[in-house]
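Student: Could you walk me through this one while I have it open on the screen?
Tutor: Gladly; let us look at it together.

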There are 2 protein chains.
Amino acid sequence: MTLIPKALTKEAFAPFGDIIDCDPDKAVEINWGMTQRYHGLGRVEAVDSDEGERGSVALNIFRGTPIDLPYQIRMVERHPLGSQAFVPMFQGRFLIVVADPVDAPGPEHLHAFIAAAGQGINYHRNTWHHPLLAIEDGTDFLVVDRVGEGNNLEESWFEDRAVPLVLA
Amino acid sequence: MTLIPKALTKEAFAPFGDIIDCDPDKAVEINWGMTQRYHGLGRVEAVDSDEGERGSVALNIFRGTPIDLPYQIRMVERHPLGSQAFVPMFQGRFLIVVADPVDAPGPEHLHAFIAAAGQGINYHRNTWHHPLLAIEDGTDFLVVDRVGEGNNLEESWFEDRAVPLVLA
């Protein structure tokens with residue numbers, strides 16, 4: 001079994017999150033015609049923890065080390081308290097691995113996508129996903145997520161059933 | 001009078017907002033050493049309107065038309081209900097014009113900055129600023145701001161005292 005990324009389309013990715021790209025359906029002209037605003041491509045979610053801790057929404061940069069392919073996928077993680085967006089600060093591709101919304105996903109629940117240049121993504125709250133999978137030289141991503149108190153990380157490991165991620 | 005952009009440094013920009021870049025002081029190693037997280041570079045603010053309207057935080061893309069220089073600065077705007085981040089989705093520069101926190105800023109209150117490749121910014125809530133000033137071919141910016149009901153826009157015009165923005 002190998003995991004081969006599919007093109008990142010709105011339909012295919014809808015169960016997992018939003019695609020952040022210049023969708024012509026979302027275009028609005030602003031600033032006297034000087035700017036196209038692609039409006040409301042993703043919504044940032046940040047909820048209180050069970051202990052009532054509010055948290056806040058932060059802007060961060062993740063600088064990834066490009067992975068070697070094939071790359072062994074051994075786990076996924078999710079964030080129960082908030083969404084998490086990854087938007088490249090360069091024009092280039094990156095890989096995405098997500099899993100179905102079961103309690104403890106394994107290899108049979110995985111889906112892989114490849115983002116084209118100009119595409120970012122926003123994982124919905126509680127969506128299983130692999131940490132950042134950079135494949136190009138440009139590896140800085142703006143990350144928008146919840147920070148603060150409360151347990152906002154769960155992991156599901158399947159170390160003994162690792163799946164190689166390849167390009168088609 | 002002309003407006004000449006200064007380098008975008010944390011100290012100089014502090015009264016107006018956050019700089020979103022790979023500040024080594026904010027680096028944390030995550031994902032088994034595969035990723036550097038530059039943590040909490042900016043905080044997203046979204047407050048309720050006077051009418052109690054909550055709003056939410058959205059991810060958008062602004063695609064700017066590069067300006068011709070010198071460019072006449074005739075106004076600034078501000079958003080009373082939330083912060084607004086602009087992070088380039090390309091490795092390149094852009095210009096920033098902000099104004100001091102007075103009621104109706106004019107030319108004498110303006111400050112200009114030039115962001116280096118790899119730098120974005122997050123205007124604090126209620127900070128006077130000019131709309132997007134793209135100067136390069138790459139002109140897509142991720143914008144993180146409050147959307148929803150409530151008046152989140154104020155403008156200050158000084159049309160008859162326009163100031164030319166130039167590069168040094």
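**A loop residue, the core and the interface**

Tutor: Let us start with B:Asn31, which is found in the loop between strand S3 (27–30) and strand S4 (35–44) of chain B; please keep in mind throughout that this is a predicted model.
Student: Is B:Asn31 buried or exposed?
Tutor: B:Asn31 is buried, because its relative accessible area is 14%, and the cut-off for buried is under 20%.
Student: And what does B:Asn31 touch?
Tutor: Not counting residues up to four places away in sequence, B:Asn31 touches A:Pro131 and A:Leu132.
Student: OK, how many residues of chain B are in contact with chain A?
Tutor: There are 49 residues of chain B in contact with 49 residues of chain A, and the area buried between the two chains is about 4000 Å², of which carbon and sulfur atoms give 62%. On the chain B side, B:Met34, B:Leu59 and B:Met89 lose the most area to chain A, and together they account for 17% of what that side buries.
Student: What rotation superposes chain B on chain A?
Tutor: A rotation of 180°, with 0.0 Å of shift along its axis, superposes chain B on chain A with an RMSD of 0.0 Å. The two copies are therefore related as by a two-fold rotation axis. The same surface serves both copies, in that 100% of the contact residues of chain B recur in chain A.
Student: Switching to the largest nonpolar core, which residues touch the most other members?
Tutor: Of its 26 residues, those are A:Leu59, A:Leu142, A:Val144, B:Leu59, B:Leu142 and B:Val144. Among the strands that each supply at least two residues of this core are strand S5 (56–64) and strand S13 (140–147) of chain A, together with strand S5 (56–64) and strand S13 (140–147) of chain B.
Student: What is B:Val144 in contact with, then?
Tutor: Leaving aside neighbours within four places in sequence, B:Val144 is in contact with A:Leu59 and A:Val144 in chain A, and with several residues of chain B, including B:Leu59, B:Val57 and B:Ala85.
Student: Last topic: what is the strand order in the open sheet of 7 strands?
Tutor: The order is S3(A)-S4(A)-S5(B)-S13(B)-S8(B)-S11(B)-S2(B), with antiparallel pairing. Its edge strands, each pairing on one side only, are strand S3 (27–30) of chain A and strand S2 (17–20) of chain B.
Student: How many bridges join S2(B) to strand S11 of chain B?
Tutor: There are 4 bridges between S2(B) and strand S11 (residues 120–123) of chain B, which run antiparallel, and B:Ile19 has B:Ile121 in S11(B) as its bridge partner.

Notes. Residues are numbered from 1 along each chain as its sequence is written. Chains are lettered from A and ligands numbered from 1 in the order in which they are written. This is a predicted model: local features need pLDDT of at least 70, side-chain atom pairs count only at pLDDT 80 or more; totals for chains, interfaces and linings use all residues. Side-chain values use heavy atoms; hydrogens and water are left out. Buried means under 20% relative accessible area, exposed over 50%, partly exposed in between (1.4 Å probe, protein chains only). Contact means heavy atoms within 4.5 Å. Copies are superposed by least squares on the C-alpha atoms of residues with pLDDT of at least 70 in both. A nonpolar core is a set of buried Ala, Val, Leu, Ile, Met, Phe, Trp, Tyr and Cys residues joined through side-chain atoms within 4.5 Å. Two strands pair if DSSP finds at least two bridges between them. Buried area is the accessible area (1.4 Å probe) that two parts lose on being put together, summed over both.
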